[in-house]
Amino acid sequence: MDPRSNGTDGHVRPTSNCFIPPTFNQLSLIVAVIRMPLLQPSNSISHHHRSTHTHTHTLIQLASVHAFTPQNFATDSQMQPSLSLCMPHSPNSLALDSCSSLTSPNLRFCGLRREISGFSVPSQLKRGQFIRAKRLIFPRKAQASPAKVSASSDDNGSPPKSFDYDLIIIGAGVGGHGAALHAVEKGLKTAIIEGDMVGGTCVNRGCVPSKALLAVSGRMRELQDQHHLKALGLQVSAAGYDRQAVAGSANNLASKIRSNLTNSLKALGVDILTGMGRILGPHKVKYGKVGFSDNVVTARDIIIATGSVPFVPKGIEVDGKTVITSDHALKLEFVPDWVAIVGSGYIGLEFSDVYTALGSEVTFVEALDQLMPGFDPEISKLAQRVLINPRKIDYHTGVFATKITPAKDGKPVIIELTDAKTKEPKDTLEVDAALIATGRAPFTNGLGLENINVETQRGFVPVDERMQVKDKDGNLVPHVYCIGDANGKMMLAHAASAQGISVVEQVTGTDHVLNHLSIPAACFTHPEISMVGLTEPQAREKAQKEGFEISVAKTSFKANTKALAENEGEGLAKLIFRPDNGEILGVHIFGMHAADLIHEASNAIALGTRVQDIKFAVHAHPTLSEVLDELFKSAKVNARGTRPIREPIAV
């Protein structure tokens with residue numbers, strides 16, 4: 001979002017730092033300048049828009065009145081007047097073609113849409129070039145893309161004459177879906193190509209069905225915790241479960257969400273093209289099913305959103321029955337008595353929660369020296385004490401599972417462990433099943449990237465901070481973007497959606513850079529773990545490099561009334577910040593509903609809100625949100641209240 005935006009739709013309203021009311025004479029002069037024939041009407045604007053542009057309500061503002069006078073306007077061509085045009089979004093507003101925003105320190109168009117009554121800059125200009133007309137110099141915006149607002153969402157826009165679509169998205173997962181919805185909102189004629197099922201990994205084989213299983217494990221834990229129930233005055237007989245019904249619940253939830261996503265796309269007029277998408281060249285994509293003839297479609301812009309698949313290391317034989325990935329585990333075809341989980345990250349932790357609640361014994365196999373290596377060390381230590389040690393879980397750290405053989409002929413699954421440092425054989429495990437939770441790999445094969453001179457890096461599509469694809473020479477590929485797991489920046493479903501929305505902003509003329517440090521993450525164990533920003537070691541490393549101090553504040557769930565009422569006082573919230581200016585560097589939470597609580601912190605980071613400002617926020621009592629309230633209030637900051645920092649940060 002533009003740092004100057006102050007609306008939920010991302011559009012900029014006039015604010016005190018970009019509005020100085022012009023005099024009548026100054027306003028007349030600016031209008032006269034705009035009407036000069038220095039720019040030709042855009043070819044991409046419909047006849048209807050050309051005929052109605054006189055009705056567009058345009059607010060013209062002077063940012064620096066002293067720099068724009070009849071005297072200096074007539075001077076040599078090196079003069080750049082300080083002119084600022086701010087326009088509200090309007091159905092009749094006309095979009096720039098090829099150069100959707102003209103910005104410089106002196107000439108700027110306030111407003112994320114950058115709409116200006118149907119004039120455009122020649123698209124053949126390269127970045128940094130200038131066009132000269134009537135002694136005005138217009139610099140081309142660095143990341144400008146064509147902006148089109150040609151119709152309402154009822155008919156999903158009108159396609160440009162030279163392309164079938166404004167935007168084609170390859171992949172209908174959460175990222176592609178989010179991009180498509182935002183594209184329609186922006187008036188783009190949009191198509192989405194999907195070779196499997198709408199919803200991608202998250203909906204069909206990941207986030208969604210796993211939450212159904214975790215809901216069951218949470219209920220089972222509550223019913224099995226006699227001490228907890230007794231403290232609340234409850235008496236419950238032995239709890240049991242129906243494996244097939246549990247699996248059916250997860251499958252039904254995935255089907256429901258998949259149907260909702262599909263219907264939402266259809267309702268907005270997004271064309272769903274079935275088949276595997278392959279880029280043939282600039283603006284051109286082929287799609288089709290095996291055994292059927294291929295179809296070719298064109299688009300002004302292309303987004304790659306093909307997601308990822310489970311990563312299986314060499315030496316591991318997956319049979320889908322006794323040696324499985326998360327894709328298989330979500331079907332819950334059986335509950336093993338003893339299961340080894342290779343990897344102790346998000347996926348491994350969540351499945352350990354499910355399996356132990358359903359009666360399995362679990363053994364973790366972790367290559368690094370500690371469990372949960374991706375979490376803040378202090379949170380990991382507490383989580384291990386609560387989530388690992390009291391349960392039927394043991395673990396081997398600092399070892400590789402170099403070979404795993406599925407169960408067959410009455411023999412168990414055999415796992416050969418090797419020391420991660422010495423590479424010497426260390427141990428052998430015999431278990432009923434093995435779950436491979438070693439992460440995910442990008443699904444980018446067969447995309448036709450060679451046709452646009454792009455080479456993947458460990459399977460990931462290289463992109464810049466605006467998600468625009470880079471070729472093998474490091475140059476940006478025009479009109480081609482990649483979001484989500486396929487680019488490897490942050491392999492989370494909601495990060496993919498945020499990246500997709502950011503790209504749509506780009507292609508409709510708004511320079512938008514997503515701050516990945518503001519994107520939260522969560523692990524849905526019982527209790528939950530959540531985080532946003534930097535861990536304490538990362539923050540200390542950054543502080544050392546950049547020459548500033550950091551401080552850490554903590555608060556316990558044991559001091560929270562709502563948590564105590566629920567008899568769920570086990571938990572910790574941790575804030576990492578700069579004491580000199582109050583900048584929030586990271587927040588980590590372990591405890592009841594941590595995944596819901598983290599968003600106050602993530603939004604604060606996204607908006608640039610400082611500790612000394614957010615500590616004045618009011619929270620309802622008694623609620624778990626007061627954990628964050630106490631956390632921010634306990635932080636000692638030297639600086640007083642300040643204006644929020646809103647500059648985007650590329651990560």
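This is a predicted model: local features need pLDDT of at least 70, side-chain atom pairs count only at pLDDT 80 or more; totals for chains, interfaces and linings use all residues.
Trainee: Which order do the strands of the open sheet have?
Mentor: The five strands run 24-25-28-27-26, with antiparallel pairing. Strands (E, at least two residues) and helices (H or I, at least four) are DSSP runs numbered from the N terminus, and two strands pair if DSSP finds at least two bridges between them.
Trainee: Which strands stand at the edges?
Mentor: Strand 24 (521-523) and strand 26 (551-556); each has a single partner strand, so one side of each lacks a neighbour in the sheet.
Trainee: Over how many bridges do strand 25 and strand 28 pair?
Mentor: Six, between residues 528-533 and 584-591. Glu 528 sits opposite Gly 591 of strand 28.
Trainee: And which strands does helix 13 touch?
Mentor: Helix 13 (residues 536-546) packs on the sheet, touching strands 25, 26, 27 and 28. Contact means heavy atoms within 4.5 Å.
Trainee: New topic: is Thr 322 buried or exposed?
Mentor: Thr 322 counts as buried because its relative accessibility is 15%; buried means under 20% relative accessible area, exposed over 50%, partly exposed in between (1.4 Å probe, protein chains only).
Trainee: Where is Thr 322 found?
Mentor: In the loop between strand 12 (308-310) and strand 13 (323-325). Leaving out residues up to four places away in sequence, Thr 322 touches residues including Pro 406, Val 413 and Asp 432.

Conventions:
Residues are numbered from 1 along each chain as its sequence is written. Side-chain values use heavy atoms; hydrogens and water are left out. Axes are lines fitted to C-alpha atoms, for helices over the stretch in contact, and angles run from 0 to 180 degrees between N-to-C directions.
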